[in-house]
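Welcome, and thanks for taking a look at this one with us. Please have the sequence and the model open side by side as you read.

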2 protein chains.
Amino acid sequence: MIVDNLAPPYYAVIFSTISSENSDGYLEAAQRMEILAKQQKGFLGIESARADIGITVSYWQTLTDISAWKNNVEHTAVRELGREKWYKKYQLRICKVERAYGFEN
Amino acid sequence: MIVDNLAPPYYAVIFSTISSENSDGYLEAAQRMEILAKQQKGFLGIESARADIGITVSYWQTLTDISAWKNNVEHTAVRELGREKWYKKYQLRICKVERAYGFEN
């Protein structure tokens, strides 16, 4: 699903990943993290697509909300697993969404 | 490929799409736009993944560079085709990348 109808300014976390060959437990953890993220204060939405690389973008009201989610205990534990097992490489970017345009047929 | 080693601040354009059922000419146009984008002033990199939705993130030095790319004649023509043919819905967000973290095993 696409996240639309949000009014800037708000924040985006762009999480770009290259998977390792070990996907044991990955799907369950990813689904759990999505459920947990949606329960956090300031969460606005999430978009995800995976092909050669994975791109997940989550949207948040404030930088403080992003920090709180980063420091969530369960999220921190899963992030460690991600580094140990599932990801060969990743890049995480914290961005301020300044403008947005939608189109729908 | 993941884009890494860029020093914030810089800009990201997050282009999230839902495709229509008409994909005639889409792949050729997408490839051409990527080649053309790479030739533009201020272009820093591009990441793309497609599953249920498509997410393409392009990175740019300044907002002026993003405007110039938006106004590129060939890009404008292809954007019109996208609205007419290839996309059921899309959302485009212009963001300032404030912080970035990388990980590599």
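P9(B) sits in the segment before β1 of chain B; helices (H or I, at least four residues) and strands (E, at least two) are taken as DSSP runs, numbered from the N terminus. The model is a predicted one, in which local features need pLDDT of at least 70 and side-chain atom pairs count only at pLDDT 80 or more, while totals for chains, interfaces and linings use all residues. For finding your way around, residues are numbered from 1 along each chain as its sequence is written, and chains are lettered from A and ligands numbered from 1 in the order in which they are written.

P8(B) and P9(B) are joined by a cis peptide bond, with omega about 0°. In chain A, the bond from P8(A) to P9(A) is cis too, with omega near 0°, and P9(A) lies in the segment before β1 of that chain.

## A positive phi in each chain

The segment before β1 of chain A also holds N5(A), whose phi is near 65°, a positive value in a residue other than glycine. In chain B, N5(B) lies in the segment before β1 and has a positive phi of about 65°. As background, most residues other than glycine have a negative phi, and most peptide bonds are trans.

Are these asparagines buried or exposed? N5(A) counts as exposed because it has 10 C-beta neighbours inside 10 Å, and N5(B) counts as exposed with 10 as well. The cut-offs use C-beta atoms placed from the backbone: a residue is buried if 20 or more others lie within 10 Å of its own, exposed if 12 or fewer, and partly exposed in between.

## The core

The largest nonpolar core has 30 residues; such a core is a set of buried Ala, Val, Leu, Ile, Met, Phe, Trp, Tyr and Cys residues joined through C-beta atoms within 7 Å. Touching the most other members are Y11(A), A12(A), C95(A), Y11(B), A12(B) and C95(B). At least two residues each come from β1 (10–19), β3 (54–60), α2 (63–71) and β4 (87–104) of chain A, and from β1 (10–19), β3 (54–60), α2 (63–71) and β4 (87–104) of chain B.

Leaving aside residues up to four places away in sequence, C95(B) touches A12(A), C95(A), K96(A), V97(A) and E98(A), along with Y11(B), A12(B) and I14(B). Contact here means C-beta atoms, placed from the backbone, within 7 Å.

## How the chains are related

Chain B superposes on chain A by a rotation of 180° with 0.0 Å of shift along its axis (RMSD 0.0 Å). This is the relation of a two-fold axis. The same surface serves both copies, as 100% of the contact residues of chain B recur in chain A. The superposition is by least squares on the C-alpha atoms of residues with pLDDT of at least 70 in both copies.

Key:
Contact = placed C-beta atoms within 7 Å.
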